[in-house]
Amino acid sequence: MAEEAKKKPESPAGGGKESGEKKAPVKEVAAASGAAAGGGLLTKTPVLLGGVMILEAVVLFAGFKFLGAGASPSAAAGAELVGEEHSAAQEGHGASGDHSGSAKIDRKKTVEIQILDFRAPNKQSGRTFLYDVTIFAVTKAEHEERVKTTIKEREALIKDRVRTIIAQSDPEKLGGGSEPGLETLRRQVKYQLDEIIGEGVIDEVLVPRCIPFRTDY
């Protein structure tokens, strides 16, 4: 009896050990399942983050493109306005060219350029007259340099042509008797200048002085 009493208490202890051993696998399975669940979540997280980042990039790109397209016309209009203001400012400076020295040439303005100032003989009347002649040419301002350069380069030729005209002219027309305005002389000189300088360059010929002097007393 005493032996049976001793054996009975050992039974629960032994049974508890076995139950503990049986419960241990349950805990391991739960831990393993938790680890597996945690591992699956961790593996899916980078994929989700990558998708979100791609979506944000697409949205930002579309937004910038829309804003850039809307701002282009305004920028172009602003550039045009600035360009117009700059052109107007340059024109304003050109209009006040007297101070800046960059004024444009006025095409309607005319200038008077001296062609000759010399004496030429005439013997058509049987007497020798020496005519003291000064001749000017009227031309547009844009042709001024051209006329001056040609006169300087062809001075001898121009003098020869005008001397020939005076030598062959009627003294009455040269002295102002029949032609006070010296129309024939002016017309003939202009014809020669058109041949030498160029047709259409000289607008008018002026003869402010044509005074005859007798040389055969």
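Is Asp132 buried or exposed? With a relative accessible area of 13%, Asp132 is buried; buried denotes under 20% relative accessible area, exposed over 50%, and partly exposed the range in between, with a 1.4 Å probe and protein chains only.

The model on display is predicted: local features need pLDDT of at least 70, side-chain atom pairs count only at pLDDT 80 or more, and totals for chains, interfaces and linings use all residues. Residues are numbered from 1 along each chain as its sequence is written, and side-chain values use heavy atoms, with hydrogens and water left out.

**The whole chain**

Display the protein chain as a cartoon; six helices and three strands are present. Helices (H or I, at least four residues) and strands (E, at least two) are DSSP runs, numbered from the N terminus. Along the sequence, these elements follow the pattern α-α-β-β-α-α-α-α-β. Of the 217 residues, 21% count as buried. The accessible surface comes to about 15700 Å², and 59% of it belongs to carbon and sulfur atoms; areas come from the Shrake-Rupley method with a 1.4 Å probe, and for residues only the protein chains shown count as cover. Among contacts with a separation of 6 or more, 68% join residues 24 or more positions apart, a contact being heavy atoms within 4.5 Å.

**Strand β2**

Next, select strand β2, residues 129–140, and return to Asp132 within the strand. Not counting residues up to four places away in sequence, Asp132 touches Asp117, Phe118, Arg119, Arg209, Cys210, Ile211 and Phe213. Show the side chains of Asp132 and Arg209, which make a polar contact at 3.3 Å. Such a contact is a pair of N or O atoms within 3.5 Å; within protein, one must be able to donate a hydrogen and the other to accept it, and residues adjacent in sequence count only if both atoms are side-chain atoms.

Then select Phe129 and Tyr131, both of which are buried. The count of aromatic pairs comes to one. Phe129 and Tyr131 form that tilted pair, at 6.4 Å centre to centre and 40 degrees between the planes. Rings of Phe, Tyr and Trp (its six-membered ring) pair if their centres lie within 6.5 Å; planes under 30 degrees apart are stacked, over 60 edge-to-face, and the rest tilted.

**Helix α4**

Move to helix α4, residues 155–168, whose 14 residues should span 20 Å at 1.5 Å a residue; the end C-alpha atoms are 20 Å apart, which agrees. The expected span is 1.5 Å times one less than the number of residues. Colour Ile158, Val162, Ile165 and Ile166, which are buried. Viewed down the axis, the buried residues of α4 fall within an arc of 95 degrees, so they line one face of the helix; the arc is that of the directions from the helix axis to the C-beta atoms. Their cover includes β1 (110–122), β2, α3 (144–153), α5 (171–174) and α6 (183–197). On the face turned away from the buried side, select the exposed residues Ala156 and Gln168.

**Into helix α6**

Select Leu182 in the loop between α5 and α6. Leu182 has a positive phi of about 55 degrees although it is not a glycine, and is buried at a relative accessible area of 9%.

Continue into α6 to Arg187, which is exposed, with a relative accessible area of 52%. A C-alpha to C-alpha distance from Arg187 to Leu206 gives 9.9 Å, for residues 19 apart in sequence.

Finish at Asp194, also in α6, which counts as buried at 16% relative accessibility. Asp194 touches Glu199, Gly200 and Ile202, not counting residues up to four places away in sequence.
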